[in-house]
Amino acid sequence: MSSRGVGMSARQIISKIFVYLVLAAGSIVVLLPLQWMISTSLKPLSHVFRFPPEFWPQKVVWENYPNALSQLPFDLYFLNTAFIVVMCLLGELIVSSIVAYAFSRLRWRGRNALFIVVLATMMLPRQVTLIPEFIVFRQLGMIDTFWPLILPSWFGNPFYIFLLRQYFLTHSRELDQAAVIDGCSRFGVFWRITLPMSKPVLGAVAIFSFQFHWNDFFRPLIFLLDQDKYTLALGLRFFQGTYGTEWNSLMAVSLVVMLPLIIVFFFAQKHFIQGVVFTGYK
């Protein structure tokens with residue numbers, strides 16, 4: 001019996017070692033492009049296309065970063081992007097959480113049917129609504145401003161509403177009833193009970209929103225005309241079109257633009273994983 005138990009333990013150890021080796025190999029494959037980007041950003045331009053390739057530069061050129069970032073006003077692009085991201089993130093968190101609370105915790109006629117309609121809007125491609133949206137913003141005189149990029153977020157996001165609703169459904173209704181009996185209003189229940197218990201899913205929504213709006217290229221390309229209002233995605237594309245042959249500088253700028261996403265996910269990955277895992281659990 002003991003030998004069988006030892007055998008089972010040995011198989012489990014071997015299985016875990018195999019899983020860890022596969023995960024390590026997969027991590028190396030995923031991180032290899034990032035390593036190549038960092039390596040290229042630190043090379044002299046003459047060493048970028050050397051053969052055999054240098055996986056780490058023999059001569060590290062730190063000046064590539066300040067030289068590349070000074071060729072265009074990336075500090076202004078950063079401020080523009082940060083403003084848009086923060087405003088969109090706040091709008092999607094506030095509005096989507098309120099709508100999700102109404103769909104999950106309040107009982108009213110037509111709730112499920114309207115929720116299906118909200119989910120159905122996720123099937124519409126962005127290109128379908130772009131032309132009427134552009135016409136509306138043009139008639140309002142908002143073209144070449146940040147409003148077309150910010151206002152849609154303050155009308156909710158169907159995917160975030162779905163995530164938040166599913167998570168809110170996991171909360172016990174007895175907590176809401178007890179708070180109402182104690183004199184708490186519906187908004188008080190939402191603000192003091194539901195939201196504090198939903199930090200994981202709120203963190204996941206914040207990460208999704210931050211990543212989408214930070215990387216968004218299509219909508220700024222359509223609605224922004226003045227170069228002083230460019231976002232980092234547009235600035236990076238403009239840099240590529242102007243200085244595309246300077247691959248070391250292009251990799252340096254790309255890494256700086258990508259760095260906030262890496263930092264945000266690194267510090268918030270716990271909430272992100274919890275929010276996604278527990279969204280469908282009831």
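View A. L90 has its place in helix 3, which spans residues 74-105; helices here are DSSP runs of H or I with at least four residues, numbered from the N terminus. The coordinates belong to a predicted model, in which local features need pLDDT of at least 70 and side-chain atom pairs count only at pLDDT 80 or more, whereas totals for chains, interfaces and linings use all residues. Residues are numbered from 1 along each chain as its sequence is written, and side-chain values use heavy atoms, with hydrogens and water left out. With a relative accessible area of 39%, L90 is partly exposed, the classes being buried under 20%, exposed over 50% and partly exposed in between, for a 1.4 Å probe and protein chains only. Together with V86, I94, I98, W154 and F155, L90 makes a nonpolar surface patch of about 580 Å². Such a patch joins nonpolar side chains within 5 Å, taken from residues with over 30% relative accessible area and no salt bridge, and the areas come from the Shrake-Rupley method.

View B. The domain assignment of the chain gives domain 1 as 10-64 and domain 2 as 67-279, bounds that come from an automatic or database assignment. Taken over C-alpha atoms, the centres of domain 1 and domain 2 are separated by 32 Å. To the contact between them, domain 1 gives 12 residues and domain 2 gives 11 residues, where contact means heavy atoms within 4.5 Å.

**View C. The salt bridge between R105 and D176.** This pair is one of four salt bridges that the structure holds, each being a side-chain nitrogen of Lys or Arg within 4 Å of a carboxyl oxygen of Asp or Glu. In the salt bridge of R105 with D176, the closest N and O atoms are 3.0 Å apart. Distant parts of the chain are linked in this way, since R105 belongs to helix 3 and D176 to helix 8 (residues 173-181), 71 residues apart. R105 is buried at a relative accessible area of 3%, and D176 is buried as well, at 5%.

**View D. The salt bridge between R126 and D216.** R126 and D216 form a salt bridge whose closest N and O atoms lie 3.5 Å apart. Because R126 lies in helix 5 and D216 in the loop between helix 10 (199-215) and helix 11 (218-223), the pair ties together parts that are 90 residues apart in sequence. R126 counts as partly exposed, at 37% relative accessibility, while D216 is buried, with a relative accessible area of 9%.

**View E. The pairing of R219 with E133.** The salt bridge from R219 to E133 has its closest N and O atoms 2.6 Å apart, and the pair links distant parts of the chain, with R219 in helix 11 and E133 in helix 5, 86 residues apart. The two side chains also make a polar contact at 2.6 Å, that is, a pair of N or O atoms within 3.5 Å of which, within protein, one must be able to donate a hydrogen and the other to accept it, residues adjacent in sequence counting only if both atoms are side-chain atoms. E133, in the helix of residues 126-139, is buried with a relative accessible area of 18%, and R219 is buried at 12%. Not counting residues up to four places away in sequence, E133 touches P148, P152, R219 and F223.

View F. F137 is found in helix 5 and counts as buried, at 7% relative accessibility. Once its neighbours within four places in sequence are left aside, F137 is in contact with M142, I143, W147, P148, L151, P152 and F223. The C-alpha atoms of F137 and V30 are separated by 41 Å, the two residues being 107 residues apart along the chain.

**View G. Helix 9 and the loop that holds S198.** In helix 9 (residues 186-194), the buried residues are G188, V189, F190, I193 and T194, and these buried residues pack against helix 3, helix 7 (158-168) and helix 8. S198 lies in the loop between helix 9 and helix 10 and counts as buried, at 0% relative accessibility. A polar atom of the S198 side chain lies 2.7 Å from the backbone oxygen of T194. Leaving aside its neighbours within four places in sequence, S198 is in contact with Y167, F168 and H171.

Key. Patch = residues over 30% accessible without salt bridge, like charges linked within 9 Å, V, L, I, M, F, W, Y side chains within 5 Å. Areas by Shrake-Rupley, 256 points an atom, 1.4 Å probe, with all protein chains shown as cover. Helix = DSSP H or I, 4+ residues; strand = E, 2+ residues; numbered from the N terminus.
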